[in-house]
Amino acid sequence: MWILARDPVVASSMAEAGFDPTREDPGPADYVLTWSERATEYDADFPLWWAQLGLRRLRYDDVDGARSAAERGVELQPNHITSWQVLRIVAQRTDDDELLALADEVLCRFDLGPCAGEASSPITP
């Protein structure tokens with residue numbers, strides 16, 4: 001069990017198992033975030049773990065922590081879509097127009113954000 005517990009996929013799965021986005025109370029934050037953080041510890045160079053941590057931190061209203069995690073994902077892979085989606089949500093929640101414009105610019109390249117002149121985006125907080 002110890003070998004499996006140090007696997008980032010297992011850690012992320014454990015976090016997901018404790019996280020239910022359909023419930024108003026998504027599950028125990030300490031459990032979900034601890035396992036999600038473990039995934040980033042076990043494989044610190046994989047941007048998806050950081051983006052997932054950012055999404056889970058958003059669910060528990062840790063916007064600063066979400067931004068930090070997503071920024072790490074972008075540092076690791078500059079065009080990491082999920083990390084940019086997290087940053088876009090952070091920008092919307094914090095009224096950070098500069099970050100929002102940057103996220104939209106990046107996501108537009110992948111047809112995932114509003115391009116110049118478009119009014120809305122399929123990505124919402």
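Start by selecting α4 and α5. Pro 47, Trp 50, Leu 53, Gly 54, Arg 57 and Leu 58 of α4 meet Val 63, Gly 65, Ala 66, Ala 69, Ala 70, Arg 72, Gly 73 and Leu 76 of α5. Sorted by class, this contact holds nine nonpolar, three polar and two charged residues. Keep in mind that the model is predicted.

Now look along the two axes. They lie 8 Å apart, and α4 and α5 pack at about 165 degrees. Angles over 145 degrees count as roughly antiparallel, so α4 and α5 are roughly antiparallel to each other. The crossing of α4 past α5 is left-handed.

Helix α3 covers residues 29-42 and helix α4 residues 47-59. Their axes are 8 Å apart, at an angle of about 160 degrees. That makes α3 roughly antiparallel to α4. This crossing is left-handed. On the α3 side, show Val 32, Leu 33, Ser 36, Glu 37, Ala 39 and Thr 40. On the α4 side, show Trp 49, Trp 50, Gln 52, Leu 53, Arg 56 and Arg 57. The contact of α3 with α4 divides into six nonpolar, three polar and three charged residues.

Next, go back to α5 (residues 63-76) and bring in α6 (residues 81-94). The axes of α5 and α6 come within 8 Å and cross at roughly 150 degrees. That makes α5 roughly antiparallel to α6. The crossing of α5 and α6 is left-handed. From α5, pick Val 63, Ala 66, Arg 67, Ala 70, Glu 71, Gly 73 and Val 74. From α6, pick Ser 83, Trp 84, Val 86, Leu 87, Val 90, Arg 93 and Thr 94. By class, the contact of α5 with α6 has eight nonpolar, three polar and three charged residues.

Now the cores. The largest nonpolar core has 16 residues. Select Leu 58, Ala 66, Trp 84, Val 86, Leu 87, Val 90 and Leu 99, which touch the most other members. At least two residues of this core come from each of α5, α6 and α7 (97-108). The biggest contributor is α6, with six residues.

Centre on Trp 84. Setting aside neighbours within four places in sequence, Trp 84 is in contact with Val 74, Pro 78, Asn 79, Leu 102, Ala 103, Val 106 and Leu 107.

Last stop: a second, separate core of eight residues. Among its members are Ala 15, Val 32, Trp 35 and Tyr 60.

Conventions: Residues numbered from 1 in each chain as written. Predicted model: local features only at pLDDT ≥ 70, side-chain atom pairs only at ≥ 80, totals over all residues. Heavy atoms only, no water. Axes fitted to C-alpha atoms, helices over the stretch in contact; angles between N-to-C directions. Helix = DSSP H or I, 4+ residues; strand = E, 2+ residues; numbered from the N terminus. Parallel < 35°, antiparallel > 145°, perpendicular 65-115°, else oblique. Left-handed = near helix turned anticlockwise from the far one by under 90°. Contact = heavy atoms within 4.5 Å. Nonpolar A, V, L, I, M, F, W, Y, C, P; charged D, E, K, R; others polar. Core = buried A, V, L, I, M, F, W, Y, C linked by side-chain atoms within 4.5 Å. Buried < 20%, exposed > 50% of the residue type's maximum accessible area, 1.4 Å probe, protein only.
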